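Thanks, everyone, I'll keep this short. Let me put the model up on the screen, and then we'll walk through it from the inside out.

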Amino acid sequence: MRIAVAADSAGVALKDELRELLRTDTRITEVSDLGVPDAADDRAYPLLGIAAAEEVAAGRADRAVLVCGTGIGMCISANKVAGVRATVAHDSYSAERSIKSNDCQVLTMGARVIGPELAKRIVAEWIGHAFDPASASAAKVARISEYERT
Ligand SMILES: O=C(CO)[C@H](O)COP(=O)(O)O
């Protein structure tokens, strides 16, 4: 699995921790860090979130983990990219369902909302979940894709 990570200045410290976690995860073959590199970089979250979501939409990344202050701005931004389903999640159950119910390729988190250890645990769990295209949820997700095509 190839993962892109990105953050704004509010989320960069947590993004860096998550990137290092992902780099040691044997399930991950590639981690691309799209920035920001440090908190002095004041690029706004939509630039980073859209850039990462475009990597997913183009098939250059399988999933993305995005961090801002709340996770909300990153989530809204990533969801503007056609074909991308992003969710903000700070709990294990929502993160699991974001895959199993919604086939989300993008997880967003708020560094001002969640501590790094819990965030790392949830990301590690999220990576381990897989969407079942034969499940009853698949037709529901397909309706979203159909709407996007109209
Ligand atoms: O959390 C953010 C966007 O959802 C971002 O990190 C901070 O945004 P701001 O409150 O508009 O500065």
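Let's start in the middle: the largest nonpolar core has 43 residues, and Ala64, Leu66, Ala78 and Val106 touch the most other members. By nonpolar core I mean a set of buried Ala, Val, Leu, Ile, Met, Phe, Trp, Tyr and Cys residues joined through C-beta atoms within 7 Å. Buried means 20 or more other C-beta atoms within 10 Å of the residue's own, exposed means 12 or fewer, and partly exposed is in between, with C-beta atoms placed from the backbone.

Two housekeeping points. This is a predicted model, where local features need pLDDT of at least 70 and side-chain atom pairs count only at pLDDT 80 or more, while totals for chains, interfaces and linings use all residues. Residues are numbered from 1 along each chain as its sequence is written.

Leaving out anything within four places in sequence, Ala78 is in contact with Gly49, Ala52, Ala53, Leu66, Val84, Ala86, Val106 and Thr108; contact here means that the C-beta atoms, placed from the backbone, lie within 7 Å.

Now the sheet. In what order do the five strands sit? The order is S2-S1-S3-S5-S4, in an open sheet with parallel pairing. Strands and helices are DSSP runs numbered from the N terminus, at least two residues of E for a strand and at least four of H or I for a helix, and two strands pair if DSSP finds at least two bridges between them. S2 (30-33) and S4 (86-88) are the edge strands with a single partner each, so one side of each has no neighbour in the sheet.

Going across, S1 (residues 2-7) and S3 (residues 63-68) are joined by five bridges, and Ala4 has Ala64 as its bridge partner in S3. Another five bridges link S3 to S5, where Val65 is partnered with Leu107. Between S4 and S5 there are three bridges, with Ala86 partnered to Val106.

Have a closer look at S5. Five of the five residues of S5 are buried, so the strand is largely enclosed by the rest of the structure. In a regular strand the side chains alternate between the two faces of the sheet. For S5, Val106, Thr108 and Gly110 are on one side and Leu107 and Met109 on the other, and both faces are covered.

Leu107 sits in S5 (residues 106-110) and counts as buried because it has 29 C-beta neighbours inside 10 Å. Beyond four places in sequence, Leu107 touches Val65, Thr87, Ala89, Ala95, Ser98, Val123 and Trp126.

Asp103 is in the loop between helix H4 (92-100) and S5, and is buried, with 20 other C-beta atoms within 10 Å.

Val36 lies in the loop between S2 and helix H2 (45-57).

Last stop, the ligand. Which residues surround the ligand? They are Asp8, Ala10, Tyr45, Cys68, Gly69, Thr70, Ile72 and Gly73, using a cut-off of 6 Å from the C-beta atom, placed from the backbone, to the molecule. By class, that shell has four nonpolar, three polar and one charged residues.

Note on methods: Two residues are in contact if their C-beta atoms, placed from the backbone, lie within 7 Å. Ala, Val, Leu, Ile, Met, Phe, Trp, Tyr, Cys and Pro count as nonpolar, Asp, Glu, Lys and Arg as charged, and the others, Gly among them, as polar.
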